Amino acid sequence: MTTSAKIDSGAIRCAIYTRKSTDEGLEQEFNTLDAQRESAEAYIASQRHEGWTCLPDRYDDGGFSGGNLERPALKRLMADIEAGGIDCVVVYKVDRLSRSLLDFSRLMEIFDRHGVSFVSVTQQFNTTHSMGRLTLNILLSFAQFEREIIAERTKDKMWAARRKGKWVGGMPVLGYDVAEGGGRLEVNEDEAARVRAIFQLYLELESLLPSAQELERRGWNNKRWVTRKGKERGGKPFNKSTLFRLLTNPIYTGKVVFQGTTYEGEHEAIVDMETWKRVQAILRRNRLNGGTLVRNKYGALLKGLIFCTPCGTGMTHSCANKKNGKSYRYYVCQTAQQRGWAKCPTKSVNAYDIENAVVQHIKGLGTNPAVLSTTLTKATEQAEVRLHELEMERKAAERELKRLHAQVRKLLGGKLPAGASEIATDRLADLQERIRTTEQRMTAIQEEIIVLGKTTVKENDLTQALADFDEVWNSLSSKEQAKIIHILVERVGFDGRDQSVTVTFRSEGLKQLCQRTAA
């Protein structure tokens, strides 16, 4: 097929454009792009008597759809045409240039404007006549129809695979790797441990921003992976949006979502359902009130800390203003609030009473040896759990360092193909940056392990700190008191059946209390 642009006598500079929709098979020594170019070169050679010459530059788009114009080689071809360096564009078939009727018309307008001819090797017809242009339009309409049919078939196939719980591609998430051969997810144990720690961190802090800041402090980034083309993606620090996506991704419970419907997946869950539900409940609650510690204008000491013991759900701070001008504050069980008063034996508790009970419990620790001993034992257990988490993370970081150093050695020791030195340099710089980041994280882990070793709370120090607590407490503002409570206390449980209160302390918080009162 030849366009209406006239090929003048004399040397005609011909550029060959090739394209393949997928990159499958392109790694072969002689692939379909080479076959297309070979056919075009033969056609140009047959027209040598007309002055046709083949330009050496290659315009190959491997792995790019013909449904749009977002193709690097095509853009380079158009730039060379506008620069006046090309007289004729040769393709194997018309649909190699475009499968869109609209895009093809736009390309032809540019060709005509610069006097560039268009030749399709296997589809010979003349578009200088109305019948030829009609044939071209019909041909392109069928090409566009074929593309849309392929898209629908692909969508149907993906839908069927999702219903069966299969992995159908896309960006892998932290905690999983794509199995060799594709189509299935495998648990990455090191990353899975990190995902579980992130869920626990959010349960502890109950807010996205502080959680993201803590992850940045630890040097934990989102998933890093290498595409089939060898390009690295991901590996960036978490922000509120990416952390929210991780915490709300059902894939961590062994499920897959497609078109808004959730299906059972083939892969293994790495987050238990109870943890998942607790995180989702906090996220839903924070969407309404903006976060536990963000808004606390009433200075509620136990906001985000208190839970209903029978239901296991959080208790929401509530304030009622009466006609006499007085305000009454309460903590209300979410089960009672959302499912009805009869569903919960606790229902609600007066905020002043429960806050005063917790404060008096803290003050009374120093005078009750049994309670003090139990608190110290619990704090020691928490420190041991955290120490175990750090040791696991340290070992994972060591394995990561070994992998990175092995990749560096392979890169430095391998023979690079021509033109690949720049890519190798970028890859080497990236590996060194990841090594530096991992080493920094290992240093931070080691420092935290040392600090944990030093934060063993001694009974005498805690007794002295609690003896001074009353005086210090009364000198603080309501916001400072709330801050102190959140440092000291991990969780408060209230059982409305017998009005019992259980307080769980943070080991690091107790140590900070000792240090503050000693200062």
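This is a short walk through a predicted model, starting with its confidence and moving on to a few helices and loops.

The protein chain has an average pLDDT of 79, and 82% of the residues reach at least 70. Among the elements of the chain, helix α2 (residues 72-82) has the highest mean pLDDT, 93, while helix α16 (residues 507-518) has the lowest, 59. Two stretches call for caution. Residues 2-8 have a pLDDT below 50, although the stretch makes 22 contacts in the model beyond near neighbours in sequence. Residues 288-294 are also below 50, and there the model shows eight contacts beyond near neighbours in sequence. Where pLDDT is low, the predicted coordinates should not be read in detail.

Now turn to the pair formed by helix α6 (residues 189-205) and helix α8 (residues 240-247). Their axes come within 11 Å and cross at roughly 110°. Angles of 65 to 115 degrees count as roughly perpendicular, and α6 and α8 are therefore roughly perpendicular to each other. Which residues meet where α6 and α8 come together? From α6 come I198, F199 and Y202, and from α8 come L243, L246 and L247. By class, this contact has six nonpolar residues, with no polar and no charged ones.

Two of those residues lead us to the next helix. S211 sits in α7 (residues 208-218), and, leaving aside its neighbours within four places in sequence, S211 is in contact with L201, Y202, L205 and L243. Is S211 buried or exposed? With a relative accessible area of 2%, S211 falls under the 20% cut-off and is buried.

After α7 comes G219, with a positive phi near 80°.

Most residues other than glycine have a negative phi. K347 is not a glycine, yet its phi is positive, about 65°. You will find K347 in the loop between α10 (334-339) and β15 (348-350), where its relative accessibility of 26% makes it partly exposed. Q499, also not a glycine, has a positive phi of about 60°. Q499 lies in the loop between β16 (489-495) and β17 (500-505), and with a relative accessible area of 52% Q499 is exposed.

Our last stop is E355, in helix α11 (residues 351-364). E355 is a charged residue by class, and at 6% relative accessibility it counts as buried. What does E355 contact, leaving aside its neighbours within four places in sequence? The partners are A300, L301, L302, R329 and Y331. Finally, compare E355 with V492: the two are 137 residues apart along the chain, and their C-alpha atoms are separated by 10.0 Å.

Note on methods: Residues numbered from 1 in each chain as written. Predicted model: local features only at pLDDT ≥ 70, side-chain atom pairs only at ≥ 80, totals over all residues. Heavy atoms only, no water. Axes fitted to C-alpha atoms, helices over the stretch in contact; angles between N-to-C directions. Helix = DSSP H or I, 4+ residues; strand = E, 2+ residues; numbered from the N terminus. Parallel < 35°, antiparallel > 145°, perpendicular 65-115°, else oblique. Contact = heavy atoms within 4.5 Å. Buried < 20%, exposed > 50% of the residue type's maximum accessible area, 1.4 Å probe, protein only. pLDDT = per-residue confidence, 0-100.
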